[in-house]
Amino acid sequence: MKKFCPECKTENEEQFNFCKNCGTALDFKKEKLSGDFKTPEQFDPTAQKGSPMGNGMPEEIEGVQKREMLAFLGKDADKIYDKFLKMEYSGSKVSWCWPAFLLTAFLGFFGSAIWFFYRKMFKPAIAFIIAGTLVLGVQTALNFDNNIEVAKDIVSSIESIFGGNMDSVANPELFFDEEGEPAIGEPTGVLALISDILDTAETLVGGAVIAMFALHIYKKHAVEKIKEQREKHGETPYYLYTLSLSGGTSGGMLALGIIIFVVLSNLASAIPTFFAISGI
């Protein structure tokens, strides 16, 4: 179904959100939800109370107009823009980003990287991949002695099973505890305790800190990228469309972040098994 621009009447393809001729927003419902109203009947600026900027809402953040920011942000643009405004009003760098917190709480710094990849912020995403790799390396080293002993016993048990000698299965209690629950790889000792503390600090403390500052990082990133696109395409009718392409979200980058997490996590888990099989 074709979309016709309300301003210049140009016919646009269905997937376009902005007019290819003049850049006007084509999705009226999205525009209305974002608060970018066109008539006094739809929105009364004098109804706004308590704004540090006086009556009405400001139409720009750090020199970036609201329509530019909404075009760049893409998914959940209206919600994110509101949080940007609150930070702008208060002069604070602190907000709260639930997706960043939850991903970090479950996946550590790799979870943070996944959120930044999803929002096309590649520099912080790579930084968190490096941080997550370092933490994972430390945890692997701290648990290495425990895990390699477990891996050796498991390898020995598997060899005994395939050899038909069930009586020589090594430490069968490794597989199940007294209550019948799996007990493979349960860490013990001071080093394992340190590893657990490090894991808690990474996921909960790190997650809270990242959640508080993630949107500040995103706001600075958005302002920088929008101004870059303005210099390149600001005089063209495709300007808002180029903003939506350079910003928004990326399912492909989200998948890349998940793949990196899975590969590195499995690699860390495989190291003790490799040494056990090698007889070291």
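Glu-68 has a relative accessibility of 4%, so this residue counts as buried (buried is under 20% relative accessible area, exposed over 50%, partly exposed in between, with a 1.4 Å probe and protein chains only). The model is a predicted one: local features need pLDDT of at least 70, side-chain atom pairs count only at pLDDT 80 or more, and totals for chains, interfaces and linings use all residues. Residues are numbered from 1 along each chain as its sequence is written, and side-chain values use heavy atoms, with hydrogens and water left out.

**Overall layout**

- The protein chain has ten helices and four strands (DSSP runs numbered from the N terminus, with helices being H or I of at least four residues and strands E of at least two).
- Along the sequence, the pattern reads β-β-α-β-β-α-α-α-α-α-α-α-α-α.
- Of the chain's 280 residues, 36% count as buried.

- Helix H2 (residues 66–73) is largely enclosed by the rest of the structure, because seven of its eight residues are buried.
- Those buried residues are Lys-66, Glu-68, Met-69, Leu-70, Ala-71, Phe-72 and Leu-73.
- H3 buries Ala-77, Ile-80, Tyr-81, Phe-84, Leu-85 and Met-87. They cover an arc of only 165° around the axis, so they sit on the same side of H3 (the arc is that of the directions from the helix axis to the C-beta atoms).
- Lys-79, Lys-86 and Ser-90 are exposed on the other side of H3.

**Salt bridges**

- The count comes to five salt bridges (a side-chain nitrogen of Lys or Arg within 4 Å of a carboxyl oxygen of Asp or Glu).
- Glu-68 pairs with Arg-230, the closest N and O atoms being 2.8 Å apart. This pair links distant parts of the chain, with Glu-68 in helix H2 and Arg-230 in helix H8, 162 residues apart.
- Arg-230 is partly exposed, at 32% relative accessible area.
- Lys-220 and Glu-62 form another salt bridge, at 3.5 Å between the closest N and O atoms. Here Lys-220 is in helix H8 and Glu-62 in the loop between strand E3 (60–61) and strand E4 (64–65), 158 residues apart.
- Lys-225 and Glu-228 meet at 3.8 Å, N to O; they are three residues apart in helix H8, so about one helical turn separates them.
- Salt bridges that share partners join Glu-62, Glu-88, Lys-219 and Lys-220 into one network.

**Aromatic contacts**

- Searching the whole structure turns up ten aromatic pairs (ring centres of Phe, Tyr and Trp, the latter by its six-membered ring, within 6.5 Å; planes under 30 degrees apart are stacked, over 60 edge-to-face, the rest tilted).
- Trp-96 and Phe-101 make a tilted pair, 5.3 Å centre to centre with 45° between the planes.
- Phe-110 and Phe-261 are also tilted, at 5.7 Å and 55°. Phe-110 lies in helix H5 (residues 109–118) and Phe-261 in helix H10 (residues 251–278), so the pair ties together parts 151 residues apart in sequence.
- Phe-84, Phe-109, Trp-115, Phe-116, Phe-128 and Tyr-218 form one aromatic cluster.
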